Amino acid sequence: MRTITHIVIHCTASPQSWGVRELMAEFKAKGWKSPGYHYAILADGTIRQLHPLDMVANGVKGHNEHSIHVAWVGGIDRQGRPVDNRTDAQREAMHRLVDDLRHHYPQATIVGHRDLSPDRNGDGKVTRDEWVKQCPCFEVKEEFKTL
Ligand SMILES: [Zn+2]
């Protein structure tokens with residue numbers, strides 16, 4: 001079993017209607033050998049496992065070896081701009097899943113994809129101007145601090 005240091009939250013930056021089939025097709029189209037996420041949380045709150053936890057997924061280059069990647073389906077508006085359009089069911093399911101993962105990996109830090117952006121000015125914090133993308137479109141540390 002690999003050591004897990006991070007639980008990384010993503011959005012799929014896709015239509016909210018997407019399911020496992022569309023996600024897997026996209027990974028394949030990108031030429032990836034393994035999926036981008038271990039879990040996808042669909043708009044109706046269904047949690048689907050895409051990849052075994054003891055195998056590395058393709059979530060964030062340079063941060064995959066010791067991470068579990070969790071994505072909620074959605075995260076863009078009709079114009080393709082980043083938006084937090086999580087459904088209540090998705091939000092609830094994500095909290096349930098993260099709680100469960102925390103129970104199994106109590107040493108793991110929970111972060112959003114954008115929090116793993118390079119700290120370009122070296123001040124020890126990854127700030128908004130340093131984000132390489134918006135994913136997962138909400139403030140993970142804020143939302144999960146009370147767990
Ligand atoms: Zn991401």
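**Figure 1. Spacing and geometry of the zinc site.** In sequence, the donor residues of the zinc ion follow the pattern H-x102-H-x21-C. The donor atoms are His10 (ND1), His113 (ND1) and Cys135 (SG), which coordinate the zinc ion at 2.0 to 2.3 Å. Donors are N, O and S atoms within 2.8 Å of the metal (3.2 Å for Na, K and Ca); water is not among the atoms, so sites may look incomplete. His10 lies in strand E1 (residues 6-11) and His113 in the loop between strand E5 (109-112) and helix H3 (140-143), so that the pair, 103 residues apart, links distant parts of the chain. Helices (H or I, at least four residues) and strands (E, at least two) are DSSP runs, numbered from the N terminus. His10 is buried, with a relative accessible area of 1%, and His113 also counts as buried, at 9% relative accessibility. Buried means under 20% relative accessible area, exposed over 50%, and partly exposed in between (1.4 Å probe, protein chains only). The model is predicted: local features need pLDDT of at least 70 and side-chain atom pairs count only at pLDDT 80 or more, while totals for chains, interfaces and linings use all residues. Residues are numbered from 1 along each chain as its sequence is written, and side-chain values use heavy atoms, with hydrogens and water left out.

Figure 2. Five strands form an open sheet in the order E3-E2-E4-E1-E5, with mixed pairing. Two strands pair if DSSP finds at least two bridges between them. Strand E3 (47-49) and E5 stand at the edges, each with a single partner strand, so one side of each is left without a neighbour in the sheet. From one strand to the next, the twist averages 20°. Axes are lines fitted to C-alpha atoms, for helices over the stretch in contact, and angles run from 0 to 180 degrees between N-to-C directions.

**Figure 3. Strand E4 and its parallel neighbours.** E1 and strand E4 (residues 67-72) run parallel and are joined by six bridges. Ile9 stands opposite Val70 in E4, and the bridge partner of Val8 in E4 is His69. E2 and E4 also pair in the parallel sense, over three bridges, and Tyr39 has Val70 of E4 as its bridge partner. Six of the six residues of E4 are buried. Both faces are covered, with Ser67, His69 and Ala71 buried on one side and Ile68, Val70 and Trp72 buried on the other.

**Figure 4. Helix H2 against the sheet.** Helix H2 (residues 88-104) packs on the sheet and touches E1, strand E2 (39-41), E3, E4 and E5. The direction of H2 makes about 155° with that of E2. Leu97 is found in helix H2 and counts as buried at 7% relative accessibility. Not counting residues up to four places away in sequence, Leu97 touches Tyr39, Ile41, Ile47 and Val70. Contact means heavy atoms within 4.5 Å. Leu97 and Ile41 are 56 residues apart in sequence and 9.3 Å apart in space, C-alpha to C-alpha.
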